[in-house]
Amino acid sequence: MLVEILTAEETMISTMLGKTRAIDAVHHTLVDSLETAVSNAVAEGADYTMKTRTTPTRLTNIVELVSIPFAVTRTQQAIDHYHGTDELTRQETKALREYGNSVEFDLVRSTLVSGASGTVPKMQGLIAHISKSTNTTAHSSGTVWSASILKGLMKANMDNSNGDVATDIFMGSYLKDKTDDFTNKTGISYDGANAKSIISAVDIFETGLGKVRVHYHRYVQQSTDATGRVLAIRPEKHKVAYLEMPYVDRDLARSGPYDKRAVVGSMTLETRNQDSNFFASGFSIG
């Protein structure tokens, strides 16, 4: 007899993002910009006039340590369980899955905690780390999510970025359901008299200013959020930077008939271009 795990797992974003290495507890990414395009015509034979140069600025994030510790008694390891697996091994497998959920949660929702004065250091997740006045907006509470609003967000994303616009948008179940009701203009007609399936889904939303893949995500929208939220990212502009790759720590002291384990690792979010992403909240969730 197997044991069915009822809790859902969500690792879509952490799987989607590239991986890189962190070398310090504070992680920096350097960004720079070109001058605004203007005419640079000069007179023949004139002296050069030196242009003002800019230096890179830093996007900074904090490395956080994530651990899932647990202990299993020797008695439980000796018992023949219905699942047919050693209980220590089963709990280790559960902890690995819980670790993945925890990292995903913080990659999306975590806010910065410096770790000073005995506080637990925490990284900025995507929602906080991409935030700028030009790409983060709070609509009036109760605003109805619609195709026209999404088009407006995509237009603003194009106007405020260098053209590397968001390609993937994430939302909770309510807004995903409303997105599936968007009216499609496909130019395709067919005789559905013999159709055996009814399909009502929007997986890709495309305008002349870009195309986004639409995803349901459990952590973008939580029961504690008063209004609906959408997060749109360009995955290639982000990486998970590991200071210490995840591993199972089995070298934990014990003082009784039990064994201790912990799944542990340290990482942060690296964002290379805030402008390629957007976040919006304030939408009605019924």
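A: Start with Met171: its bridge partner in S8 is Tyr216. (Strands are DSSP runs of E with at least two residues, helices are runs of H or I with at least four, and both are numbered from the N terminus; two strands pair if DSSP finds at least two bridges between them.)

Quick heads-up: this is a predicted model, so local features need pLDDT of at least 70 and side-chain atom pairs count only at pLDDT 80 or more, while totals for chains, interfaces and linings use all residues. Residues are numbered from 1 along each chain as its sequence is written, and side-chain values use heavy atoms, with hydrogens and water left out.

Now zoom out a bit. S6 and S8 sit side by side in an open sheet of six strands, ordered S5-S12-S9-S6-S8-S7, and the pairing is mixed. At the edges you'll find strand S5 (136–143) and strand S7 (204–207), each of which pairs on one side only. Ignoring direction, neighbouring strands of this sheet are turned by 20° against each other on average.

Helix H5 packs on this sheet. H5 touches S5, S6, S7, S8, strand S9 (228–233) and strand S12 (278–283), where a contact means heavy atoms within 4.5 Å. The direction of H5 makes about 60° with that of S7 (axes are lines fitted to C-alpha atoms, for helices over the stretch in contact, and angles run from 0 to 180 degrees between N-to-C directions).

Searching the whole structure turns up one cavity of 30 Å³ or more (a set of points on a 1 Å grid over the protein atoms alone, where a 1.4 Å probe fits but cannot get out). The largest cavity holds about 30 Å³ of space, a volume filled by probe spheres set on points joined across faces, edges and corners.

Which residues line the largest cavity? They are Met154, Asn157, Val165, Ala166, Leu209, Gly210, Val212 and Phe278, and lining residues have an atom within 4 Å of a point. Six of the lining residues are nonpolar, two are polar and none are charged (Ala, Val, Leu, Ile, Met, Phe, Trp, Tyr, Cys and Pro count as nonpolar, Asp, Glu, Lys and Arg as charged, and the others, Gly among them, as polar).

How values were computed:
On a 1 Å grid over the protein atoms alone, a cavity is a set of points where a 1.4 Å probe fits but cannot get out, and a pocket is an open set with protein on both sides within 12 Å along at least five of seven lines; lining residues have an atom within 4 Å of a point.
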